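Hi,

Here is the model I promised to pass on.

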Amino acid sequence: MSERGVTLLSACISNGSFSCPQHWACPPAEMCDQTFLAITFGPCDCCSDTKPLMNIYLKNEPVNYCSLCVERMACQGLQPNETLATLKMESETLKTKLEEERAKLHDVELHQVAERVEALGQFVMKTRRTLKGHGNKVLCMDWCKDKRRIVSSSQDGKVIVWDAFTTNKEHAVTMPCTWVMACAYAPSGCAVACGGLDNKCSVYPLSLDKNENLAAKKKSVAMHTNYLSACSFTNSDMQILTSSGDGTCALWDVESGQLLQSFHGHSADVLCLDLAPSETGNTFVSGGCDKKANVWDMRSGQCIQSFETHESDINSVRYYPSGDAFASGSDDATCRLYDLRADREVAIYSKESIIFGASSVDFSLSGRLLFGGYNDYTINVWDVLKGTRVSILFGHENRVSTLRVSPDGTAFCSGSWDHTLRIWA
Amino acid sequence: MSSSSNLITMRKIVQQLRFEAKINRVKVSQAAADLQQFCLENAQQDPLVTGMSSNPFKPPRVCSFL
């Protein structure tokens with residue numbers, strides 16, 4: 001089986017990480033009852049009988065086991081008296097217990113604690129720059145660490161690098177697919193990553209030579225079995241974290257294209273992800289169509305915490321600047337703040353007059369303001385502590401699809417289905 | 001095959017729940033107070049909160065004699 005095929009199989013075969021303590025393989029639960037994916041026919045690595053074999057991974061090594069040995073292995077991990085019924089009951093009791101534990105600590109609301117805090121003054125935020133040039137809906141954007149460059153991607157397959165001060169276009173790449181839903185700037189500013197309906201994440205090194213054909217230097221890094229919804233470089237140019245419509249997130253090595261870790265736990269498309277600010281360690285949060293926001297440990301692949309209070313798809317997640325909390329924006333027209341140490345939702349940002357979903361959220365530098373881009377063409381600015389709306393910004397002529405605050409907090413950029421990006425300050 | 005894969009899925013769910021139940025939690029009052037403190041400490045350095053006029057995106061104000 002080809003290298004690519006093996007990687008694909010390991011990405012879609014499991015509902016759990018292969019680095020779990022018992023080191024046993026996990027056949028896909030979605031498989032049809034009567035058949036399994038037979039890739040080869042030959043002697044089983046375990047019992048030596050010649051049978052149809054499954055290619056599975058044990059301790060990150062590929063092996064070929066027949067279905068009987070896979071079943072035997074699965075049952076080895078069970079304690080005596082553990083059956084489907086007892087496990088179901090245990091999971092119900094645990095879920096109730098989890099709710100009780102969380103409720104016990106819910107002694108006060110965030111906005112009550114913040115009553116004494118001075119209210120924010122009137123905000124005058126206007127569009128300072130409009131970036132025109134995309135031929136179709138802008139789907140995603142990211143700032144460069146130099147606080148002036150921006151990369152944006154759109155439905156027509158174009159990825160453009162802009163200088164936000166001058167509004168000049170510095171680079172443009174045409175991707176072979178349409179709907180480029182994810183793009184990210186490398187920390188060094190020397191490369192951009194993007195992907196979408198091609199199921200891949202590709203890295204383009206940016207050169208100073210304007211005449212150079214960027215598409216020629218393209219490097220395919222990630223490979224998923226469904227569309228790429230979000231991507232982000234970790235602290236260096238060397239690793240990329242991706243999330244996909246196939247329900248998984250994955251960490252890749254840019255140089256070799258190798259899968260370093262995969263994250264399984266969402267039961268539907270994963271739409272967004274955000275890395276914890278560097279001081280707080282190796283975790284990231286992801287949100288998906290299963291209404292769950294999961295916090296993951298990047299090294300072990302384990303899901304550390306899970307939050308399910310939204311009533312619809314979670315379109316965007318963003319960490320609070322201190323790393324102790326994160327905000328999420330969802331199709332249920334609310335944005336919510338979850339505190340990681342209290343392990344619960346601590347604030348909801350909503351109004352009866354807001355009925356369209358929030359597509360994208362980001363915090364200001366101190367975390368006092370939460371900017372939300374909505375599908376009703378507006379941007380709402382929320383006071384994070386008091387839970388009230390501070391300002392509503394008009395300007396876009398179609399849905400706001402993406403929103404990011406600049407690295408130094410002086411401005412934020414929003415991209416929209418009206419083909420433009422706007423810089424607000 | 002289906003019985004074992006249901007069992008496996010169930011086992012994974014229970015393992016995950018056991019793990020999640022064990023984590024240390026703090027009271028919301030404590031967590032909220034910390035979030036508030038972080039906000040207030042950093043508010044002065046936040047250009048969008050303080051509305052500083054030396055913002056590179058805002059046009060510089062020019063005074064002229066009438």
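**What I found**

Let me start with a contact between the chains: B:Asp34 makes a salt bridge with A:Arg341, with 2.4 Å between the closest N and O atoms. By salt bridge I mean a side-chain nitrogen of Lys or Arg within 4 Å of a carboxyl oxygen of Asp or Glu. The count between chain A and chain B is three salt bridges.

Some housekeeping before the rest. This is a predicted model, where local features need pLDDT of at least 70 and side-chain atom pairs count only at pLDDT 80 or more, while totals for chains, interfaces and linings use all residues. Residues are numbered from 1 along each chain as its sequence is written, chains are lettered from A and ligands numbered from 1 in the order in which they are written, and side-chain values use heavy atoms, with hydrogens and water left out.

**The interface**

On the chain A side, 75 residues are in contact with 50 residues of chain B (contact means heavy atoms within 4.5 Å). The two chains bury about 5500 Å² between them, and carbon and sulfur atoms give 70% of that. Buried area here is the accessible area (1.4 Å probe) that two parts lose on being put together, summed over both. In chain A, the residues that lose the most area to chain B are A:Leu105, A:Arg341 and A:Thr410, together 11% of what that side buries.

The rule also finds 13 residue pairs in polar contact across the interface of chain A and chain B, both residues at pLDDT 80 or more. A polar contact is a pair of N or O atoms within 3.5 Å; within protein, one must be able to donate a hydrogen and the other to accept it, and residues adjacent in sequence count only if both atoms are side-chain atoms.

Which element gives the largest share of the side of chain A that touches chain B? That is helix 3 of chain A, with 10 residues. Helices (H or I, at least four residues) and strands (E, at least two) are DSSP runs, numbered from the N terminus. By type, this side of chain A divides into 41 nonpolar, 17 polar and 17 charged residues.

**Chain B**

Chain B has three helices and zero strands. Of its 66 residues, 39% are buried (under 20% relative accessible area; exposed is over 50%, partly exposed in between; 1.4 Å probe, protein chains only).

A:Thr242 sits in strand 14 (residues 239–244) and counts as buried because its relative accessibility is 0%. Its side chain is joined to that of A:Trp252 by a polar contact of 2.9 Å.

A:Arg318, in strand 21 (residues 314–319), is buried too, with a relative accessible area of 11%. The side chain of A:Arg318 reaches the backbone oxygen of A:Val361 at 3.4 Å.

A:Asn199 lies in the loop between strand 10 (191–195) and strand 11 (200–205). Buried or partly exposed? A:Asn199 is partly exposed, since its relative accessible area is 22%. A polar atom of its side chain lies 3.4 Å from the backbone nitrogen of A:Tyr227.

Cheers

Note on methods
Nonpolar A, V, L, I, M, F, W, Y, C, P; charged D, E, K, R; others polar.
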